[in-house]
Amino acid sequence: MALSISSVVADAGSLHCVQTAASNTPDVLKGSAGNIFKVEIVNENAYAVYLKFWDTTGAVTPGGGGAANEPDWVLMCPASSTRAYSCPSGSAFGTGLKVACLTTPGTAGNVSPASTVSYRILIG
């Protein structure tokens, strides 16, 4: 896994988060409230993948059952493609932000993609 988080020079307080090997292990992108502005997912698999987001600073077990493990947002990226999502006004999260990539839609599933999935997320 190669997660990097860097400040956006032109916009104080914003972070550019890049993961070049997304998996079922949740990445901690931010430990406080903020907004999601843009998400880009690059999927090299022959099947769709799902980037799942949790508004929490607590422990998360993807597909683990119970309300604490259910993602707050799920974004799909089709097979062998790139998908971008944009929210110019920002989609707010109140506590913190964690992200994992899985092969199952919805709240179930805990399997990592077999081939590379990368993402870039702009948060504030």
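One aromatic pair is counted in this predicted model. Phe53 and Trp73 form the pair, and its geometry is edge-to-face. The protein has nine strands and zero helices. Two open sheets are described below, one of five strands and one of four.

**Aromatic pair**

- A pair of aromatic rings is described by the distance of the centres and the angle of the planes.
- For Phe53 and Trp73, the centres are 6.4 Å apart and the planes stand at 90°.
- Phe53 belongs to strand β5 and Trp73 to strand β6, so the contact ties together parts that are 20 residues apart in sequence.
- Phe53 is buried, at a relative accessible area of 1%.
- Trp73 is partly exposed, at 23% relative accessible area. The cut-off for buried is under 20%, so Trp73 does not count as buried.

- Strands β3 (27-30) and β6 (73-77) are the edges, and each pairs on one side only.
- Neighbouring strands of this sheet are turned by 25° against each other on average, direction ignored.
- Strand β5 (residues 49-54) pairs with strand β8 (residues 97-102) over five bridges, in the antiparallel sense.
- Lys52 has Ala100 in β8 as its bridge partner.

**Five-stranded sheet**

- The order of this open sheet is β1-β2-β9-β4-β7.
- The pairing is antiparallel here.
- Strands β1 (3-7) and β7 stand at the edges with a single partner strand each, so one side of each has no neighbour in the sheet.
- From one strand to the next, the twist averages 10°.
- Strands β2 and β9 are joined by five bridges, in the antiparallel sense.
- Cys17 stands opposite Ile121 in β9.

**Salt bridge**

- How many salt bridges are there? The count comes to one.
- Glu40 and Arg120 form a salt bridge, and their closest N and O atoms are 2.9 Å apart.
- Glu40 lies in strand β4 (residues 34-43) and Arg120 in strand β9 (residues 117-123), so the bridge ties together parts that are 80 residues apart in sequence.
- Both strands, β4 and β9, belong to the five-stranded sheet, where they stand next to each other in the order.
- Arg120 is partly exposed, with a relative accessible area of 41%.

**Gln19**

- Gln19 lies in strand β2 (residues 15-19).
- Is Gln19 buried or exposed? Gln19 counts as buried, at 0% relative accessibility.
- The side chain of Gln19 reaches the backbone nitrogen of Ala2 at 3.0 Å.
- A polar atom of the Gln19 side chain also lies 3.1 Å from the backbone nitrogen of Ala21.
- Gln19 and Ala84 are 65 residues apart along the chain, and their C-alpha atoms are separated by 15 Å.

**Ser80**

- Most residues other than glycine have a negative phi.
- Ser80 has a positive phi of about 45°, although it is not a glycine.
- Where is Ser80 placed? Ser80 is in the loop between β6 and β7 (81-93).
- Ser80 is exposed, with a relative accessible area of 56%.

**Overall form**

- From the N terminus on, the elements run β-β-β-β-β-β-β-β-β.
- The radius of gyration is 13 Å, close to the 14 Å that the globule rule gives for 124 residues, so the protein is as compact as a globular protein of that length.
- Along the principal axes, the C-alpha atoms fill a box of roughly 35 × 30 × 25 Å.
- Buried residues make up 37% of the 124 residues. Phe53 is buried, and Gln19 is buried too.

Key:
Residues numbered from 1 in each chain as written. Predicted model: local features only at pLDDT ≥ 70, side-chain atom pairs only at ≥ 80, totals over all residues. Heavy atoms only, no water. Salt bridge = Lys/Arg side-chain N within 4 Å of Asp/Glu carboxyl O. Buried < 20%, exposed > 50% of the residue type's maximum accessible area, 1.4 Å probe, protein only. Pairing = 2+ DSSP bridges. Axes fitted to C-alpha atoms, helices over the stretch in contact; angles between N-to-C directions. Phe/Tyr/Trp six-rings, centres within 6.5 Å; stacked < 30°, edge-to-face > 60°. Polar contact = N/O pair within 3.5 Å; in protein donor to acceptor, adjacent residues only side chain to side chain. Rg over C-alpha atoms; globule rule 2.2 N^0.38 Å.
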